[in-house]
Amino acid sequence: MRPRRTGAAYGHGGEAGQVRERDHGGYEGHAGHESHAGREGHGDEKEPRRGRPRSEAVERAILEAAVALLEDGVPLGGLSIERIARTAGVGKATIYRRWPGKEALFLDLLREFEPQDPELPGTSARDDLRVLLEAMRLRGLAQRSSVILHNVVVQMKSHPKLWEEYHRTVVAPRRAATLALVRRGIADGEFRADLDPELVNDLIIGPMLMRTLHRPGAPLPDDLAEQIIGTALQGVGPHPQRPPHPQRPKRPPHPSTQGETPGP
C-alpha cells in the first residue's frame, strides 16, 4: 500500500509533469513554462510571491518515489538520496532541506504505513498500558499485511546506522512511555511497591514484541492486550486454593438401634 498521492505532486509523462523546486523556494511548473509566481501583471505591478507553495506535495512525491523504488525490488542499501531525488523529479537539495539523510527519510516512510501512536485515556495505568499494547498489536498486523513495511523492517536490521536511529527515535520513546506508566501504577498503588519497574515493563511489553516481531505466524487476537496484562498482573502460579470445608462429625447411632440384639 502506497502513501496517498496528492494532486499536482505527481506528473504524467516524465520530466515535464514532475514537480521541481527552485533554489529560491518557489516551484517550477511544466518544462518550458514560466512559473506563475514569477510573471508580472499589467503595468509595473507584480503579483506577490507566496512562500514555499506545495511543500507537502513535494514531500509526498519524495516518499512516493522511495516506495516505488522499494516496490521495484531495490534494497535499502541500494537506495540513495540521488536516486530518490531523480525518481521524484526534484533536486538533492530539496530532500536535504527536509531530511538530514536517508535514515530520517526511511523513518518517515515507516510512519506512513504504521498506525499512529494512540492517545491514552488516563483513567488508570492498567487501562493506558492496554491501549499501548493494542497499538503494538495493530502495528504488528500492519507489518504482516504490508510487504513493503515488512521488508523495510527486516532489512533495517542489517543496516546498523538505520537500526540505531530507529531505536533512538521510535523504540526508545515508546519504551519510555510504557515505563512511565508502570512507575505511575506503582506510585498510585495499582501495582506492588516492591516490584522493579524495568522488570514489570519487560514482563508486559515482552510478550507482544515476541509475537509481533519474532514470531511472524503467532496469533494476534483482538483481546491479546488484555490477556497479557491480566497474566502479568495475576501471575502464572495456580490460583490460591480455598481451604477445604471442615468435615461434619458423624452422627452417633440412634439409641433405639444401638446395641440391639435379636430377641429369643
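Mentor: In this predicted model, a helix is a DSSP run of H or I with at least four residues, numbered from the N terminus. By that count, α5 (125–145), α7 (160–187) and α8 (197–214) each supply at least two residues of the lining of the largest pocket.

Trainee: What makes a residue part of the lining of the largest pocket?

Mentor: A lining residue has an atom within 4 Å of a pocket point. There are 28 of them, and M136, R139, V171, R174 and L209 are the closest to the pocket's centre. The pocket's volume is about 590 Å³. Helix α7 gives the most to the lining, nine residues.

Trainee: Why is α1 called mostly covered?

Mentor: Buried means under 20% relative accessible area. Since 13 of the 17 residues of α1 are buried, the helix is mostly covered.

Trainee: How do you know what span to expect of α1 (residues 55–71)?

Mentor: The expected span is 1.5 Å times one less than the number of residues. For the 17 residues of α1 this gives 24 Å, and the helix reaches 24 Å from its first C-alpha to its last, so its span is close to expectation.

Trainee: What makes a set of residues a nonpolar core?

Mentor: Its members are buried nonpolar residues joined through side-chain atoms within 4.5 Å. The largest such set has 33 residues, with I62, L76, I84, I95, L105 and L110 making the most contacts inside it. Helix α1 gives the most to this core, eight residues.

Trainee: Which residues beyond four places in sequence is I84 in contact with?

Mentor: I84 is in contact with I62, A65, A66, L69, I95, L105 and F106.

Technical notes:
Residues numbered from 1 in each chain as written. Predicted model: local features only at pLDDT ≥ 70, side-chain atom pairs only at ≥ 80, totals over all residues. Heavy atoms only, no water. 1 Å grid on protein atoms, 1.4 Å probe; cavity = no way out; pocket = protein on both sides within 12 Å on 5 of 7 lines; lining within 4 Å. Points joined across faces, edges and corners; volume = space filled by probe spheres on them. Buried < 20%, exposed > 50% of the residue type's maximum accessible area, 1.4 Å probe, protein only. Contact = heavy atoms within 4.5 Å.
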